[in-house]
Amino acid sequence: MTSSGEKWVTDDTFKPIVVDRESDVLFVTRNLFQLHKKRRQLRAETTDLNYRLTVPFAPHLFGSGKTTFCLSYLELVQRFRETSLSSFASDPSRKEFLDKLREAVLLYVDLTELKPTEPKEKSLEWALYYLMVEAAYLSVGEEPKDEEDVYKECRTHSYKLVKKIRTILNMRSDQFLLVAFDEVGVLDTRGQYFDLEVNDEGRVRPYNDFFGIVRGLCKQDNVFFIVVGKSKGLSIKNYTASVSKVLLHFISLSPLNWSSIVEFLEKSHLEEQTQIRVCDILCSPSFSVNELAEALLECTGGVPGLLTRAVNMLLNYVQTRGQSFGSKDECLSCMKEDGFRTVCSQPFVTRISTLDESRRSVLDMLLMMALYRIPFNVNDRLNSESYLFDAVTEMGFYRYPIDDNTFQVLFPKVFIRNLNNASSFSLLEKILLGSLNMEPVDCFFLSKCRVFEGIVAIRLVLILSSKGRNEFRELLGRLSAIWKEMKLPINEPSPLHYMMSVSRGETRSESNKERKTYGSNEWNEIIHEALCFDKVYIPVEANSYSPDIMFKLHSPDDSNVLMVGVACKGRWKSEGIDWSDIIEEAKKFLDPVFNEFLSQALECYHCMLIIVGTKLALNVTSELGNQSRCYTSGMLIGGNSFKIPPKCELVILCERDVEMLIDREILNGLERAFSTSDRPVLKNFGLGLVQRVRHSFLSWQ
């Protein structure tokens with residue numbers, strides 16, 4: 001067996017095709033058309049001075065596909081002309097613009113090459129001008145001319161620069177020139193080498209100077225710009241809007257979904273044997289391209305750069321061993337290997353693995369937002385100096401757009417193995433990372449916010465494993481004789497695990513694929529095969545026929561086993577939890593568990609359902625006597641309408657005791673958030689609430 005370094009190599013073996021960028025191409029095309037339409041206003045040649053220059057801008061992290069999008073944009077315009085761009089071209093003026101755009105010439109300018117240039121070493125404008133001329137020469141295979149010679153021809157006159165570039169590229173004067181500036185984030189460090197404008201606060205904002213230069217160039221006919229780079233995009237957008245009179249419009253460049261990955265695999269071909277598709281090399285007859293796409297989505301989160309790197313590694317591996325993958329499980333097992341994850345994620349995780357202490361609280365918060373699927377709005381702030389939108393980029397995470405102004409935090413699983421093994425990470429960080437690693441990726445793309453259940457689940461992980469005195473465990477021990485027999489604390493805290501949800505049906509459709517689920521009469525299989533001791537589980541489905549949380553305990557001598565389900569009943573808009581709600585939870589858990597498992601099992605097996613409710617109805621509170629209560633086998637509840645099955649117990653926590661799991665301030669914050677929306681965003685919760693949740697976890701470490 002070769003070492004992991006030899007087994008997993010990243011040599012480029014295929015030509016990846018760009019997929020799933022129709023909306024981005026339409027968005028950029030509309031922005032470019034606005035400049036074309038309003039250029040006279042930009043030059044102040046009319047009395048209508050309301051137009052402000054709009055520049056398509058992608059402030060994305062390494063691997064998001066920003067460079068590929070720039071280089072492929074004109075090709076994509078051709079590809080989508082008859083589809084997503086057809087409605088755009090329905091107007092005669094836009095059709096004329098699109099026809100000219102098809103003949104445009106792209107000038108790609110890599111700003112990592114930006115440096116002070118003679119004879120005006122301190123001028124950012126001249127440095128950019130010369131870099132554009134240099135890029136033009138290199139694009140046609142010619143040696144760039146000396147700086148002095150170019151300066152004599154162009155100086156810092158935009159019309160002379162554009163004329164010079166057109167001459168080099170052999171372009172007509174009416175032909176569109178599209179300039180793509182890549183890696184604009186270098187201005188964070190390179191800006192110090194130039195004389196830049198100082199604002200009223202005595203601060204230098206290099207991006208204001210940069211986009212001011214772009215604004216001047218846009219006054220020239222038939223010149224257009226796209227700007228991309230790793231930088232504080234939202235801060236830059238706000239600065240330039242106020243000072244440079246330039247509006248930056250964000251290009252989405254979202255991670256790819258399952259169907260787009262299928263298209264990527266079916267349309268990408270080998271580098272040398274261009275007639276052979278990637279999916280034909282990786283998939284055997286028993287392993288479909290749909291399953292391969294699922295596995296890659298699970299591993300990479302659909303991030304284009306990660307996806308391309310992973311496919312290259314799999315292709316190298318398959319071609320070396322001379323055999324395709326026979327199943328999804330075989331493919332996934334390869335991608336879960338430490339060697340694969342180390343090599344695949346290496347260029348991406350440097351930023352996350354070298355965080356200073358000031359960023360640790362941000363890391364925890366972003367991990368919780370990813371795990372609980374708490375969306376955030378584009379203008380949500382971390383503090384007066386920083387936007388969450390920018391923090392996601394700075395921390396090495398990704399954004400998955402829900403709509404134009406709302407995003408989810410995406411953390412690809414391929415990163416997690418390396419980080420989870422790092423000794424510098426705290427116990428909480430490891431629990432969060434491990435939980436994200438085990439959570440099916442479908443949860444991220446399809447499920448609604450699961451913050452309430454998520455908080456309770458992690459608190460249970462910490463409570464069950466705590467070696468100190470624990471009020472919640474003591475409470476359950478007083479309520480239940482069988483609980484008192486259980487071996488606690490359990491082993492060291494472990495991440496949340498995920499189990500197949502129980503549903504009424506046997507299959508469900510998802511992303512045009514079928515996935516099996518347990519029927520409501522298959523608890524026997526779940527209890528025997530899906531659950532292990534000392535782990536806390538959350539069902540895959542948010543609205544399943546399962547409790548929200550499950551775990552299994554055993555006594556020190558293994559003489560008794562206790563299956564525990566926890567039903568989290570959050571009531572934010574309506575009346576409190578009534579007996580009918582409690583009975584519904586009991587019927588969907590206690591009844592089938594007894595009928596399908598306990599009635600045929602050994603005497604040592606028992607089952608408990610715990611109701612964790614945020615607000616109890618008056619009739620429930622009255623019967624409980626404002627205290628938690630345990631109903632045991634044979635007892636009747638809800639006006640004698642439900643009888644607790646044999647070997648089963650039902651625990652209802654009073655509101656006071658629920659605060660052992662979630663303190664009152666957090667519960668109040670959740671109530672405020674969910675009273676406004678079924679899927680609240682970070683703004684509804686408040687940053688302070690998420691930080692308080694973090695502190696509540698840290699208090700148990």
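Student: Which residues touch the most other members of the largest nonpolar core?
Tutor: Good place to begin, and keep in mind that this is a predicted model. Tyr73, Phe181 and Leu265 touch the most other members of that core, which has 222 residues. Helix α5 (residues 124-139) gives the largest share, 12 residues. Apart from this core lies another one of 39 residues, including Ile527 and Tyr605.

Student: What makes a group of residues a nonpolar core?
Tutor: The members must be buried, come from a set of residue types that includes Tyr, Phe and Leu, and be joined through side-chain atoms within 4.5 Å. In soluble globular proteins, nonpolar side chains tend to be buried together.

Student: Which residues does Phe181 touch, leaving out those up to four places away in sequence?
Tutor: Among them are Val109, Leu111, Leu128, Met132 and Phe210. A contact here means heavy atoms within 4.5 Å.

Student: Why is Asn170 called exposed?
Tutor: Exposed means over 50% relative accessible area. Asn170 has 70% relative accessibility, so Asn170 counts as exposed. You can find Asn170 in the loop between α7 (158-168) and β4 (177-182). Its phi is near 55°, a positive value in a residue other than glycine.

Student: And why is Glu183 called buried?
Tutor: The cut-off for buried is under 20%. Glu183 has 18% relative accessibility, and therefore counts as buried. Glu183 sits in the loop between β4 and α8 (187-190). Phi of Glu183 is positive too, near 60°.

Student: How do you know whether the radius of gyration agrees with that of a compact globule?
Tutor: Set the two values side by side. A compact globule with 701 residues would have a radius of gyration near 27 Å, and the protein has 30 Å, so the value agrees. The C-alpha atoms fill a box of roughly 95 × 65 × 50 Å along the principal axes, and buried residues make up 57% of the 701 residues.

Definitions and conventions:
Residues numbered from 1 in each chain as written. Predicted model: local features only at pLDDT ≥ 70, side-chain atom pairs only at ≥ 80, totals over all residues. Heavy atoms only, no water. Buried < 20%, exposed > 50% of the residue type's maximum accessible area, 1.4 Å probe, protein only. Helix = DSSP H or I, 4+ residues; strand = E, 2+ residues; numbered from the N terminus. Rg over C-alpha atoms; globule rule 2.2 N^0.38 Å.
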